[in-house]
Amino acid sequence: MEIQNLLVAALSHLVKFQSNQCQAAKERALMMFEKLSTLKDISPEILALCNEANELLTA
């Protein structure tokens, strides 16, 4: 459940950032994607998504 909650929150902040360039939303999304990428039971697909999202947000 933790993975799902973090993923939903990260994606919500990503969408908010994309819609209005809110820097706080960008920082929160980065923080949540980073947290997701450090979890032990995360699937390779979600890990790849987190890495891609971090690359897009930091580019």
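## Contacts and overall form

In this predicted model, residues 24 or more positions apart account for 48% of the contacts (heavy atoms within 4.5 Å) that have a separation of 6 or more. Local features need pLDDT of at least 70 and side-chain atom pairs count only at pLDDT 80 or more, while totals for chains, interfaces and linings use all residues. Residues are numbered from 1 along each chain as its sequence is written, and side-chain values use heavy atoms, with hydrogens and water left out.

The protein has three helices and zero strands, these elements being DSSP runs numbered from the N terminus (helices H or I, at least four residues; strands E, at least two). Its C-alpha trace spans about 35 × 25 × 15 Å along the principal axes.

Buried residues (under 20% relative accessible area with a 1.4 Å probe, protein chains only; exposed is over 50%, partly exposed in between) make up 31% of the 59 in the protein.

Leaving aside neighbours within four places in sequence, F33 is in contact with L7, A10, L11, L14, C50, A53, N54 and L57.

The buried residues of α1 are L6, L7, A10, H13, L14 and F17; seen down the helix axis, they fall within an arc of 135 degrees (taken from the directions from the axis to the C-beta atoms), so they line one face of the helix. These buried residues pack against α2 and α3, whereas the face turned away from the buried side carries the exposed residues Q4, V8, V15 and S19.
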